[in-house]
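Take a look at the model first, then read on.

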Amino acid sequence: MKEKILPHDHGQISSEVLLELSMNKTFLSVSELFKMLSDENRIRIFWLLCHCEECVMNISAIVEMSSPAVSHHLKLLKDAGLILSRRDGKEVYYTAAKTPRTEVLHKMIEDIFEVDCPAEHSFEKEPRYDSAVQTVNEIHLYLINDLKRRPTIEELSARFHINQTTLKNTFKKVFGQPVATYMKKYRIKKAIELLYTDMPISEIASEVGYENSSKFTAAFKDVTGVLPRSYRKSK
């Protein structure tokens with residue numbers, strides 16, 4: 001990076017600070033994370049899930065919100081890698097991801113607003129997750145932020161400096177599915193949202209990362225059991 005010359009050098013700012021300030025993507029990531037918790041109800045749900053694992057119906061009853069509204073907040077929190085979900089039969093349960101990022105946010109909420117933690121020792125009793133989990137969360141954000149990208153495991157491994165086997169095993173542990181399976185379902189989930197608009201199906205296919213409509217249609221049917229056009233008509 002070219003050395004920055006300040007109009008007035010007071011000897012207060014180190015070159016390391018200037019270098020960090022030049023990393024726009026770093027601050028963008030932090031900004032997006034804070035935007036995620038800019039909603040009062042989303043903070044309440046996140047804080048609740050730091051202390052328990054619950055289904056949508058129970059979360060709705062606890063925070064006194066409708067199930068669709070709760071589901072919307074859960075989706076945003078999960079997309080950001082702040083919470084995890086697991087399916088048990090027909091029921092889906094949610095809880096906070098036990099990562100350094102969520103631990104810091106959890107503590108920040110309680111420290112700043114002086115909220116008493118009913119399970120202050122919860123993170124201490126559980127083994128701390130290593131850097132692989134943090135890296136996998138970064139990979140997750142990288143993948144969902146641009147669905148047109150289709151990097152291979154090898155490319156992700158090289159880009160994020162993580163062993164391929166560790167990447168695959170940790171991703172499955174954190175998100176419950178292999179990378180390819182998770183991303184296929186995520187793409188179709190995004191496509192379903194776009195089917196409620198007037199966007200042509202060919203454009204939707206491109207938007208969620210499919211090079212042609214036939215591959216998109218096949219993937220959509222594999223995940224949902226119906227064709228995109230049929231789904232759009234039924235809704």
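## A pair along one helix

Let's start inside helix H11, where Glu193 and Lys190 sit three residues apart, which means about one helical turn separates them. Their side chains meet in a salt bridge, with an N to O distance of 3.9 Å. Keep in mind that you're looking at a predicted model, so every distance here is computed from predicted atoms.

How exposed are these two? Lys190 is partly exposed, with a relative accessible area of 21%. Glu193 is partly exposed as well, at 36%.

Now put the pieces together. Salt bridges with shared partners join Lys75, Asp79, Lys190 and Glu193 into one network.

## A bridge between H11 and H13

Which residue pairs with Lys184? That's Asp222, and the closest N and O atoms of this salt bridge are 2.4 Å apart. Asp222 lies in helix H13 (residues 213–224) while Lys184 is in helix H11, so the pair ties together parts that are 38 residues apart in sequence.

Asp222 is exposed, with a relative accessible area of 53%, whereas Lys184 is partly exposed at 29%.

How many salt bridges does the structure hold? The count is six, and those described above are among them. As for the general idea, side chains of opposite charge can pair when their charged atoms come close.

## What about the cysteines?

A disulfide is a covalent bond between the sulfur atoms of two cysteines. How many disulfides turn up in a search of the whole structure? The answer is zero.

There are still cysteines to look at, though. Are Cys50 and Cys55 buried or exposed? Cys50 is buried, with a relative accessible area of 4%. Cys55 counts as buried too, at 7% relative accessibility.

Technical notes
Residues numbered from 1 in each chain as written. Predicted model: local features only at pLDDT ≥ 70, side-chain atom pairs only at ≥ 80, totals over all residues. Heavy atoms only, no water. Disulfide = S-S within 2.5 Å. Buried < 20%, exposed > 50% of the residue type's maximum accessible area, 1.4 Å probe, protein only. Salt bridge = Lys/Arg side-chain N within 4 Å of Asp/Glu carboxyl O. Helix = DSSP H or I, 4+ residues; strand = E, 2+ residues; numbered from the N terminus.
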